[in-house]
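Hi everyone, thanks for making time this morning.

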Amino acid sequence: MPIEYTPPKYVTIVNTLQARIEDGTYASGEMLPSETALMKEFDTSRPTVVRSLEILRQAGWIETQQGKGRFARSKPVEPRSLPAHAAALLADEVGGNVRVVDVDEVPAPPRAASALDISEGAPIVVRRRLVSVDEVGPVELGTIYMPADLASGTDVGLPGPLPEGLLRHVAARKGVRFDRATERISARPATAEECDLLAIEPGEWVLTALFSVFVKTGQPAFALEVAVPPARQEFEDSFAIA
């Protein structure tokens with residue numbers, strides 16, 4: 001039986017605006033409605049609207065012109081279009097509904113080592129962030145696994161937010177060019193800490209997606225794992241990153 005759920009409001013906004021760009025409602029180069037107008041249309045808060053627009057920008061559907069507004073772009077080439085849940089995980093961390101839970105350098109556990117194609121126990125930076133939405137509460141717990149040498153010289157290992165998003169930050173600091181990502185989806189019982197952070201009952205299950213992000217040479221650069229309560233989120237298919 002398919003899992004039934006009500007998508008978080010930011011997913012609804014992303015999908016609606018993306019569909020309008022695809023069908024020509026917002027032509028390429030046309031200014032999008034203001035944040036205030038979108039707040040009224042979707043009956044939600046400014047942080048939710050801002051986060052939705054940032055997801056669209058990260059995925060290449062819109063562009064921001066300082067002091068002018070946000071404008072629709074031509075439909076991105078299909079392999080470069082990020083699913084909403086992936087773009088959300090890679091977007092900025094400055095919104096009021098995103099909280100960096102903790103950051104630490106640890107030996108790579110088996111799942112992370114496999115995703116990164118490194119030896120178990122190799123030093124990696126682990127960064128966790130919790131995303132919430134106004135109408136639902138916590139919707140996803142995202143964990144970044146990055147080799148310590150790649151994280152060196154970036155802010156990934158620091159507790160502060162990454163305003164420009166993970167991909168842009170690492171690319172700018174390290175000169176890395178990302179090529180594609182793979183996604184593996186599974187389900188498992190939530191840990192006690194996940195139950196606490198995601199506000200779910202002990203014994204409940206979570207859906208998990210593990211993303212391995214690759215550079216042009218084919219080597220995994222870092223991995224991201226997201227755990228979500230099934231009733232609060234959706235997953236889509238694999239994707240490529242420009």
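**A first walk through the model**

Let's begin at a glycine: Gly 24 comes after helix α1, and its phi is positive, near 90°. Before going on, a word on where this comes from: the model is predicted, so local features need pLDDT of at least 70 and side-chain atom pairs count only at pLDDT 80 or more, while totals for chains, interfaces and linings use all residues. Residues are numbered from 1 along each chain as its sequence is written, and side-chain values use heavy atoms, with hydrogens and water left out.

Now the overview. The protein chain has 8 helices and 9 strands; these are DSSP runs, with helices being H or I of at least four residues and strands E of at least two, numbered from the N terminus. Of the chain's 242 residues, 50% count as buried. Buried means under 20% relative accessible area, exposed means over 50%, and partly exposed is in between, using a 1.4 Å probe and protein chains only. The accessible surface of the chain comes to about 11300 Å², and 52% of that belongs to carbon and sulfur atoms; the areas come from the Shrake-Rupley method with a 1.4 Å probe, and for residues only the protein chains shown count as cover. Taking contacts between residues at least 6 apart in sequence, 64% join residues at least 24 apart, where contact means heavy atoms within 4.5 Å.

Back to α1. Among the buried residues of α1 are Tyr 10, Ile 13, Leu 17 and Arg 20.

That Arg 20 takes us to the charged pairs. The structure holds 9 salt bridges, a salt bridge being a side-chain nitrogen of Lys or Arg within 4 Å of a carboxyl oxygen of Asp or Glu. Arg 20 pairs with Glu 41, with the closest N and O atoms 2.4 Å apart. Arg 20 is in helix α1 and Glu 41 in helix α2 (residues 35-42), so this bridge ties together parts that are 21 residues apart in sequence. Arg 20 is buried at 19% relative accessible area, whereas Glu 41 is partly exposed at 40%.

Another bridge joins Glu 35 and Arg 70, at 3.1 Å from N to O. It links distant parts of the chain, with Glu 35 in α2 and Arg 70 in strand β2 (residues 69-72), 35 residues apart. Arg 70 is partly exposed, at 23% relative accessibility. Together with Arg 46, Glu 35 and Arg 70 are linked in a network of salt bridges.

Glu 54 is buried at 12%, and Arg 57 is buried at 17%.

Next, the inside. Which residues touch the most other members of the largest nonpolar core? They are Met 146, Leu 166, Phe 178 and Phe 222, in a core of 23 residues. A nonpolar core is a set of buried Ala, Val, Leu, Ile, Met, Phe, Trp, Tyr and Cys residues joined through side-chain atoms within 4.5 Å. A second, separate core of 22 residues includes Ile 13, Tyr 26, Trp 61 and Val 98.

Phe 222 lies in strand β8 and is buried at 0% relative accessibility. The C-alpha atoms of Phe 222 and Met 146 are 4.6 Å apart, although the two residues are 76 apart along the chain.

Finally, two loop residues. Most residues other than glycine have a negative phi. Asp 43, in the loop between α2 and α3, has a positive phi of about 55° and is exposed at 64%. Asp 117, in the loop between α5 (110-116) and β4 (123-133), has a positive phi near 60° and is exposed at 56%.
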